[in-house]
Structures are given as C-alpha cells and as structure tokens.
Amino acid sequence: MSADKGKSPVLVMVEDLRVWFPAGKGPSTGRRGFIKAVDGITFSVHRGETLGLVGESGCGKTTTARAILKLLDPTEGRIRFDGVDLSTVSRRELRLIRRRMQPVFQDPFSSLNPKRTVERIVAEPLVIHRQGTTAERKARVSELLDTVGLPPDAAGRYPHAFSGGQRQRIAIARAMALQPDLIIADEPVSALDVSIRAQILNLLSDLQDQFHLTYLVIAHDLALVRQVTDRVGVMYLGKLVELRPTEDLYRAPLHPYTVALLSSAPIPDTQAEATRQRIVLEGDVPSPADPPTGCRFHTRCWLRQKLGDPDICSAEAPALAPVQDRGASGVVACHFPEAVEDSHERRETLVALTGSRASSPSEGTTP
Amino acid sequence: MKSPVAEPGTIVADAAEADGPLLSVRDLSVTFRAESLVRAVRTVSYDLAVGEQVGLVGESGSGKSAGALALARLLPEYADVSGTVTLDGTNLMRLTERELREVRGDQIGIVYQDPFSSLNPVLTIGKQLAEVLRKHKRLGARAARRQAAQLLGSVGVPNADDRLSDYPHQFSGGMRQRAVIAMAVAPRPALLIADEPTTALDVTVQAQILELLDELTSQHRTTMLLITHDLGVVAGVTQRVMVMYAGRIVESSTTADVFTRASHPYTVALHRSLPRIDLRQERLVTIEGQPPDPTRPAEGCPFAPRCPSRIDRCATEDPPLMTIPTARRATAGGWNMTSIQDADGVQVPGPASPHLTACWNPPAPVGGLSERGSTP
C-alpha cells in the first residue's frame, strides 16, 4: 500500500528546512548562539499517505510540524504546500491554504475552550473562514459530530462533560470542519486512556479512507507508529537519519539510532523481555545549541564504538542517501549502513521484536 | 534485563522463608470528598513479600496511584482512607504524623513520575542527597557529602563528583530521575513505590531507568511496587502483576501468566487493543465505551457495560477475586458468594496465590501476545 501512495502526487514538500531559535550567550564563547531545533531536513508527504515522524524529545519533530502549519517561520529552507511556497505566499493565499491543513493536538483537555459549547468549538473554523450561514453551519456541525461518533446532543454541551476520548473526537471534528487535505496530528492519543486509544486510532483511519486525507503523525510510541503509518522518518537532534516505508523500517532498519530505538521499546512479552539484549545508549542527547560535528549521533553510536571509532563519523556529516542498492527503498544517513545490516545487535533486536517464534526463519529462531 | 522474569518458584520459597509478608494490605478503600464522593479504591487487599517486584497496572482513574500513595498515607486531607496497611508488623494507619515521617524514607521510598516535583529547584543535587543521608543514616556533613557522590555515581550519573554542585534544572530528565532514585534508595527502604517512574522519559532513557530500578531492587532485596499504565513496562521488571479497574484488583497472577493466559475480559481486551510493535494489525480491536465514572459506582461488575463476555449475573453482583475453576463453576449461577469463598478460601493476591480473576465468566485464556509471530 505504501508503494502506491509513494507514487501519488506530493502534497507537502519540505526542502532543507532549518528552524533555529535564538539562545542566550554561550558560556564558553560569550557569543549569542542558536538552538538548532531543526537543522536541514528534506522530505515530502504524498497525497493520501500517512507519514510518521519519530524521535526523542528535542529531536525537532514538533518544530517541523509547526513550521509546516506556518505557526513559526523557517530560518532557512522552503516548505511547499501543493506546489505553493509558504514563505512567499500572499496573505490571501495563505488563508486558503490554512483551510486545507489542520492540526490535532495531544491534549484535548487544553486544546478545547472550556467556556464554549461543542457546537461553537466545532463551528469556529467555519466562522473564521466565513463558511455558510448560521443554519448551514449548525447542520454541518451535527454532520461532523456524527462522523466522529458523537451523539447529536453533544452540540449543546461543554467540554468538561466529556471524557478524554470524546474530547479528542471533538477536536477531530473541528479539524475536519473545513474539509482539509492534510491533518497534522502531534501525539494524538498519548494523553488518552490506554483502553480508549484504539477507538481514536481507528477513527482516524476511517476518516482517512472516507475523505482521502493525508496525515502527518508525530509520535514517540513505536508500536503505534507501525500501526498507523505508511512511511516513517526518524529524527535525531534536528536531522532526519532514516526515512523508509514503515514495514521496511521495522523489518530491516539501517540506521544505528533506529536500531537503538527499536531495541529500547518495551515489549509486552515476558519471554522476549527476559532474553533480549538491549542496546543501551551512553549518556544523553547532546544540546541542540552545540551539536556534535560530523554525524550528530556519533557521540552515542554503538556501531561507531564497534567499528573502532572511524574518523569519518566525527568529521563528515553523512548525507541522506537512497538505499536501493540494498534492495530496499527509502533513505538513510549513515556512513556504514552495511555494518548495521550485518550486526548481531540488529539481529538480536529484530528477534526480540518479532517474538520467540519468529515468522521468518532467516531472521532467526527461538533464542 | 538481568534477572529472569518468571521465577515464581523461587519467590514462593523466599516468602516462606520469612515470617510473613513484608507488606499486608487489607480492605483498603480511598474515597475523595470532592463535589461528589469519588470512590477511587474499593476494598483492595494484597500481600507483598520481601524482595518481590510487583506491577500494579491500570489506566487513569483505576485507583492504582491513590491506592499506592495511601500506603504511605501521602494523600491529601480530603481523602478518606480505611482498611489496614501493615508494614513489617506495624499498622501504618495507626501511626502519628511524626512516626510516619520516620517510616517514609526509612522504610518506604517513593519515586514519582515527574522527577522535577521531587527535587527542590533552589538546592544543588549534592545538598539534597546529603540531606537525605544525614537524616536517614545520621551521617555528619562531610561524610554525607562523600557518600552523596558515591550514591550519585552508583545510579549511573557520570562525573558524579562534579555534578553534585549542579541544580536540578542542569540535569537532563533521565539524570534527574536517577538522582531521585538515588535519594529514594539511599536509606535502603524495605519497600520502594515507583509511580509511573518512566512515563515522562524518552524511550531510550526509559529502558535505562527500568534496568537501574531492577538492578537496585534485586541487589538489596528491596520490595518494589511498580505502578504503570503500560503493560510493556511491567513485562521486563516484575514477577507478579495486579491489574486494577475502577478501584478494584480484577486480575492477579505471575507476570508471565498475565501476558500469556490473561483471564479477565478487561486484561484480554487491553492486550488486544494495543498497537503491536511486532506487526501491523488489519484493524485495532477496540474496547467500546468509557471507563466508569468513579462518582457513580454502578451495581454489579464495573467492567460489565464494556464486556464482551457479560452474562446476566454481571449486572447485579460484583465478582470477588476467585480462582479460575471457581469462576467457571460460578458461571452456572448456582454458586453464591459464600460457597465461592468456601471453595477458594479467602483469596488475597500474594506471592504464593494462584491466578485470580474477578469475573463471573472468564473467557478461555488468551494472551494478547501468545500468538506473537504466528501471524505474518
């Protein structure tokens, strides 16, 4: 499915995006520095697909989303939405584009105004963009509530009368009001009860089928990302390190950081947990104000240690390169992807993830 | 993970060795006096043996945190707590506030979700560690400072000597949680309560912190009660799991059993509704409806409105924790409460208790992940 969607037209094109925030004076240099939250990333989102962005806090995934929504301006680089460059767009055009992309936020307790009725909340985008008469808007709201699985009488009530899952439905109804092309969902279920999450994920998936939506989903939960995305971009310290079709990424990761992430993910299986060998990354993520030279991951990279600290890792930033020659699709930014492929660390990680009865005998059997 | 997970045999032996459980909770109830009464925990009983690592799993509002904080009587004024909590022979419910302060820290260590809230932002990490050591180990200022560095190093903070003079905000999230853990384990408490200790942390850091907790508690035979909403977290570090729903323990067994032979419909549904990291499912199985409103406790089993195995009896009678054979016989409806208790004795989850479920109609055992890898 991902291959087909990959061929569909590009909806969002992000080219060499940089978003730097001014920071205080550096202790060593005394000069004004920058937090390089996003530091040169390029990717596209195709119509009808779900692209996931994963990575740890501070990797720049949320900043990227905010730049696409034009909630902040890029320091450098370009974002095109359906071919239109957002940095040179006129105010009028921007209004039209804003209708076509809508955010869904993590916390439905803070993203809904408690003093407004659900009807007013859901109708708000229609009012802002002057869509329809009052009566038409009312009708549209009840249609939207029905679409997201809320009863009609929800319209007259206030957010506090609803549980977390229902509030997220309200937020989704609001996002759907203007019939957008793109929904940007930042951790859409992580604030919800575990038993409610599947309902919301299924709703998002149904809406995508029904309305041909394109999704950009930001999440840290790797199991969730596997379930809902067609392609995944892995970010580390402001850079994309790997971008692959979802199944390829989980079955054959090519960046050492991706392998480490998969290796850290908890598995709800006592046997797998008892026998797995985790890759433990040394130390913390370095500061984005002063990122490491060369490959940004080199200071914590398990593979570099294994290879005897090759100079190139600290000297040269690896480009995001296609991986076709490995019979795979996507891109990876590592000087030694073949060493990742051959590593027993990757093999161990994949065996633990697929369970003791691995589906593919070539990937290993019971540990 | 260093310690193998499923070793119920050894645990039972350990428990038998000691005179009794380290911690004994009986009929613990917590009610919050808010606008309406919130019945957060409803007559919960369990035992913890010395050196056990036990998971308490539930979603928000299940009562898992309120129940655990009630152990150390850390709940606010407007919480009514009843029942008994016996730690090493002492009923904590009868202690004065001053006696309690000794117990907290000395005998019960607590690690919260947010390490920031456990640290004083205007004191250096070193000062805060030294303070704990001086109070609980009665060390002098200089000895405390020396031990503080050692302690910080022992929880994996690099350059511990230099970092003692840092303030909490200069530590990363993972390092702060390490410092908090150092403070909690410094007095060598018999019981460590870890309330969502990794929820605020990134996934690579989460793995490190879980390993640290596992290491420290195994090393000192500290009993750990690990509270979490994440089934994946308990799989690696606990030997036993108690699942809570709507203020009750609804299932209790070895961790391995809860994963491979879950018997309460809620646990089963939870397993099935989780996205899986090992494969993409056609569609997620949902648990319909919402968790019950704790201000309006319903008659019967609290999970009944959402339960696919619901039978008539579920609407009127709240099932107690039973062994599975007893639960199956009770399905026929011919058994009343008294005969169930006669058949099972009084069932309290503990180190040696059998697999217990609070269900009148437990489905055939299903592990959400017992089929792992068998589907392409």
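Predicted model: local features only at pLDDT ≥ 70, side-chain atom pairs only at ≥ 80, totals over all residues.
Trainee: How far apart are the end C-alpha atoms of helix α7 of chain A?
Mentor: Start with the 18 residues, 194-211. At 1.5 Å a residue they should span 26 Å. The model agrees with that, because the end C-alpha atoms are 27 Å apart.

Trainee: Which elements do the buried residues of α7(A) pack against?
Mentor: The buried residues of α7(A) include A:I196, A:I200, A:L201 and A:L204. Their partners come from both chains. Those partners are α6 (164-176) and α8 (222-228) of chain A, together with α12 (265-273) of chain B.

Trainee: Which element gives the largest share of the side of chain A that touches chain B?
Mentor: Okay, 39 residues of chain A are in contact with 48 residues of chain B. On the chain A side, α7, α8, α10 (256-264), α11 (270-275) and α15 (344-354) each give two or more residues. The largest share, six residues, comes from α7(A).

Trainee: Over in chain B, how are α5(B) and α6(B) oriented to each other?
Mentor: Two packed helices are described by the angle between their axes and the distance between the axes. Here the axes of α5 (residues 125-137) and α6 (residues 141-154) of chain B come within 8 Å and cross at roughly 115°. Angles of 65 to 115 degrees count as roughly perpendicular. So the two helices, α5(B) and α6(B), are roughly perpendicular.

Trainee: How many nonpolar residues does the contact of α5(B) with α6(B) have?
Mentor: On the α5(B) side you'll find B:L129 and B:L133, among others, meeting residues of α6(B) that include B:A144 and B:L151. By class, the contact has two polar residues, two charged ones and, for nonpolar, eight.

Notes:
Residues numbered from 1 in each chain as written. Chains lettered and ligands numbered in written order. Helix = DSSP H or I, 4+ residues; strand = E, 2+ residues; numbered from the N terminus. Expected span 1.5 Å × (residues − 1). Buried ≥ 20, exposed ≤ 12 C-beta atoms within 10 Å, placed from the backbone. Contact = placed C-beta atoms within 7 Å. Axes fitted to C-alpha atoms, helices over the stretch in contact; angles between N-to-C directions. Parallel < 35°, antiparallel > 145°, perpendicular 65-115°, else oblique. Nonpolar A, V, L, I, M, F, W, Y, C, P; charged D, E, K, R; others polar.
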